[in-house]
Amino acid sequence: MNLSTALLHALKDHGARAVFGLPGDFVLPFFKQLEDSAILPLYTLSHEPGVGFAADASARFSHGLGVAAVTYGAGALNMVNAVAASYAEKVPMVVISGAPGANERRNGFLLHHQTRSLDSQMAMFREITCDQVVLDDPARAPEQIARVLGNCLAQSRPVYIELPRDMVAAPCAPVPKLPAPSWDPEALQACVTELLARLATAERPMLLAGIEIRRFGIEEKVAKLARLLHLPVTTSIMGRGLLANAEAPLLGTYLGVAGDPQITHAVEGSDALLMLGVIVSDTNFGVSEKTIDMRKAILALDGQVEMGHHIYPNIPLEALVDGLLERGHSIACTPPPCRRAEYPYGLVADSAPLAPMDIARAVNDLMKQRGSFPIVSDIGDCFFTALDIEHTDLLAPGYYATMGYGVPAGLGLQADSGQRPIILVGDGAFQMTGWELGNCQRYGWDPIVIVFNNCSWEMLRTFQPESSFNNLSDWHFADMAKPMGGEGYRVSTRAELLAALDHAVEMRGRFQLIEAMIPRGVLSDTLNRFVAGVRRLQAGSGA
Ligand SMILES: Cc1ncc(Cc2csc(CCOP(=O)(O)OP(=O)(O)O)c2C)c(N)n1
Ligand SMILES: [Mg+2]
């Protein structure tokens, strides 16, 4: 066994199912080890942001490890934004960067791909990863790799591994698997006791589910806890799609002023809001009608539990949920009367021009007829439209909110799981990374891609309508599909959209690109409510 195969076996043992990458001379030797060993499949894409987004999506969807392998400098630094998004949204991604070997570091030349110093890249990745290592000593590599991969999973954050190219074939012992982090059982019991007491005395208890319950693979346990405690469940905007396949009393997604008023009032009016794995961010809470009283809330996030004015440190989320399941039978909450959210169905096949809500209806109708598809959304009005699609798996950078995520993330999902995604992406975001679709033909991927083409950076226009730089030209994306190995449809009416979707779902083996022409200024209902709500809150606060 050498250092590369020891690393690859360890990645697989820790839940990785694929490596996404783009090679360069500093990482070519490692790619050769990857290809020759076949321990994990390698999928290469055309631009490192896409590599990062694909690795991110594979981790999110399978709640395993995502792996991105790139060259030093130009490659790794090209991927900083994608890794930052994974850090912000708590995705366990492993970044492997090739690097100069020991001798070339000492030869006195400035090396190609080097910036300020040969250690600058490590310094940059320290800011967007939870652990880092340079594998320059094969004797120490097994315990270093074990530590870094263990932290990646325990903290559900990206880690950075720098692999000098003269080390890839160095003989190396296998990597041990470290025990999962421990915790103090007494502290856990004290936390569970206090938490259950709060729920038992509450009149309007509520469970708000956040992304950590997917990251730590405990959706079923959380659904069981909600049933045991008779707690109604909503998800945060980032948690959209959670519990889609679990049996839980799920009401829908909390969107503050932009969402279902009944859900908004239930969450904001709760006197015991149990937030499991919820990131307290502006996108999750920035449009709250009424500020949530955090003193009455219970927040379990980042391995600790905050209640009222005190914190229980080192309480892993799964340990907390297991503790509550063990003792939860002692209380039966009396939840407020709540009804489940409704979703739009029944698109009429007529000649009316398209609006984003028509796409939500068409996808809901399709899933009603043919079963659910995982949805991957970019950032733009397509993301707000995704919130009107019935509750199914949804991958989207809803908090970090980077564009360019949709197409490569959809490819990462299909590569990792074999499932066919529906990808929602605006024309602006498609201009960034939509071209990764050209890689489908090599791997047989066949996502269904719906481009919301309003020839505009429309979300920006809603906040600054006077700026003409938001006007984009019409790129005719559908015409480019066939030369790239796919099928393209350009649609402007509801009837054309339905016909294109019916045809696309029948076509397998090639990507299907539906270019939905939407008039500028026509927004989804949710984005309209979001913009109106933000304006109202800003007017109220005098911002
Ligand atoms: C990597 C990055 N750079 C800029 C921005 C800032 C932005 C947020 S929304 C938006 C316009 C999106 O246009 P698109 O056509 O895709 O969608 P739509 O608004 O529905 O028309 C921009 C430029 C973000 N979020 N990420
Ligand atoms: Mg647009």
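Colleague: Which residues lie nearest the centre of the largest cavity?

Modeller: The model is predicted, with pLDDT of at least 70 needed for local features and 80 or more for side-chain atom pairs, while totals for chains, interfaces and linings use all residues. Residues are numbered from 1 along each chain as written, chains are lettered from A and ligands numbered from 1 in the order written, and side-chain values use heavy atoms, without hydrogens or water. A cavity is a set of points on a 1 Å grid over the protein atoms alone where a 1.4 Å probe fits but cannot get out, with lining residues having an atom within 4 Å of a point. The lining here has 16 residues, and those nearest the centre are Ile211, Met238, Arg240, Leu394 and Leu395.

Colleague: Which elements give two or more residues to the lining of the largest cavity?

Modeller: By class, this lining has 8 nonpolar, 3 polar and 5 charged residues. Taking DSSP runs (helices of at least four residues, H or I; strands of at least two, E), the contributing elements are α10 (212–215) and β15 (394–395).

Colleague: What volume does the largest cavity have?

Modeller: The structure holds 3 cavities of 30 Å³ or more. A volume is the space filled by probe spheres set on the grid points. For the second largest cavity this is about 50 Å³, and for the largest cavity about 170 Å³.

Colleague: How many charged residues are in the lining of the second largest cavity?

Modeller: Its lining includes Ile237, Tyr254, Thr283, Asn284 and Phe530. Two or more residues come from each of α13 (282–285) and α23 (525–541). By class there are 7 nonpolar and 3 polar residues, and the number of charged residues is none.

Colleague: Which element gives the largest share of the shell around ligand 1?

Modeller: The shell has 16 residues (a heavy atom within 4 Å), divided into 7 nonpolar, 6 polar and 3 charged. At least two residues come from each of α18 (427–433) and α20 (458–463). The largest share, 4 residues, comes from α18.

Technical notes: Ala, Val, Leu, Ile, Met, Phe, Trp, Tyr, Cys and Pro count as nonpolar, Asp, Glu, Lys and Arg as charged, and the others, Gly among them, as polar. On a 1 Å grid over the protein atoms alone, a cavity is a set of points where a 1.4 Å probe fits but cannot get out, and a pocket is an open set with protein on both sides within 12 Å along at least five of seven lines; lining residues have an atom within 4 Å of a point.
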